[in-house]
Amino acid sequence: LKLQFLYFIGVSQRKMPLSTQQIKETFNLFDADGSGAIDKEELALACKGLGLSLDAVQIDEMLQKIDKDGNCIIDIDEFERMIRAKEADMGSEGEVKKAFNLFGEYANALNEEHFERVANEIGIKYDPEWTALFIKEASNGGPSVTLNQWYSVHGLPGGEDVEEF
């Protein structure tokens, strides 16, 4: 959940795909031994560095999803394919709605409490000032962000919904 959330936030705020050079630089950060491939241990270390507490089974599952040729390592081509697929998915309406639902699964609109709960759940520092500013900007001054406003923030049609909850 934390990795998905952090990646979503990064992609949605960037609005542009990573360049091939940026992907290579990121790959090289994960490829600690410089072998040209990310093995299970390097993947576990990278996840730990991102603040993820994944067990061996979860690391194996992640490796299997990314490692298309089944050699138990992730090469640069597999890494780039994974990043490009994630970038394509993250801008979709379904993924943006999924992120909205991470904050408030049954909510019609997101308020500061929703943001605080998610921050606490994924272990990142909650910043009430940033949250208040985000909500104010996204909602045109309202106390909460509706799904249509959330779509608009992420570059999708919407944003006309100003109903306050």
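**View 1. Asn140 in the loop between α8 and β4.** Asn140 sits in the loop that joins α8 (128-138) to β4 (145-146). Its phi is near 55°, a positive value in a residue other than glycine. Asn140 is exposed, at 59% relative accessible area. Exposed means over 50% relative accessible area, buried under 20%, and partly exposed in between (1.4 Å probe, protein chains only). Helices (H or I, at least four residues) and strands (E, at least two) are DSSP runs, numbered from the N terminus. The model is predicted: local features need pLDDT of at least 70, side-chain atom pairs count only at pLDDT 80 or more, and totals for chains, interfaces and linings use all residues. Residues are numbered from 1 along each chain as its sequence is written, and side-chain values use heavy atoms, with hydrogens and water left out.

**View 2. Cys72 in the loop between α4 and β2.** Cys72 lies between α4 (56-66) and β2 (74-75). Cys72 also has a positive phi, near 70°, and is a residue other than glycine.

View 3. Ile59, Met62, Leu63 and Ile66 of α4 are buried. They cover an arc of only 100° around the axis, so they lie on the same side of α4. The arc is that of the directions from the helix axis to the C-beta atoms. Val57, Gln64 and Lys65 are exposed on the other side of α4. Asp55 caps the N-terminal end of α4, with a side-chain oxygen 3.1 Å from the backbone nitrogen of Val57.

**View 4. The aromatic pair Phe27 and Phe79.** The structure holds seven aromatic pairs. Phe27 and Phe79 form one that is edge-to-face, at 5.4 Å centre to centre and 65° between the planes. Phe27 belongs to α2 (residues 20-30) and Phe79 to α5 (residues 76-90), so the pair ties together parts that are 52 residues apart in sequence. Both Phe27 and Phe79 are buried. Rings of Phe, Tyr and Trp (its six-membered ring) pair if their centres lie within 6.5 Å; planes under 30 degrees apart count as stacked, over 60 as edge-to-face and the rest as tilted.

**View 5. The aromatic pair Trp130 and Phe134.** These rings are stacked, at 5.2 Å centre to centre and 15° between the planes. Trp130 and Phe134 are four residues apart in helix α8, so about one helical turn separates them. Trp130 is partly exposed, at 47% relative accessibility. Phe134 is buried, with a relative accessible area of 14%. Ring pairs link Trp130 and Phe134 with Phe100, Phe115 and Trp150 into a cluster.

**View 6. The nonpolar cores.** A nonpolar core is a set of buried Ala, Val, Leu, Ile, Met, Phe, Trp, Tyr and Cys residues joined through side-chain atoms within 4.5 Å. The largest has 17 residues; Phe103, Leu110, Phe115, Phe134, Val145 and Trp150 have the most contacts inside it. At least two residues of this core come from each of α6 (93-103), α7 (112-122), α8 and α9 (147-153). Leaving aside neighbours within four places in sequence, Phe134 is in contact (heavy atoms within 4.5 Å) with Phe115, Val145, Trp150 and Val153. A second, separate core of 13 residues includes Ile38, Ile59, Leu63 and Ile74.

Note on methods: Polar contact = N/O pair within 3.5 Å; in protein donor to acceptor, adjacent residues only side chain to side chain.
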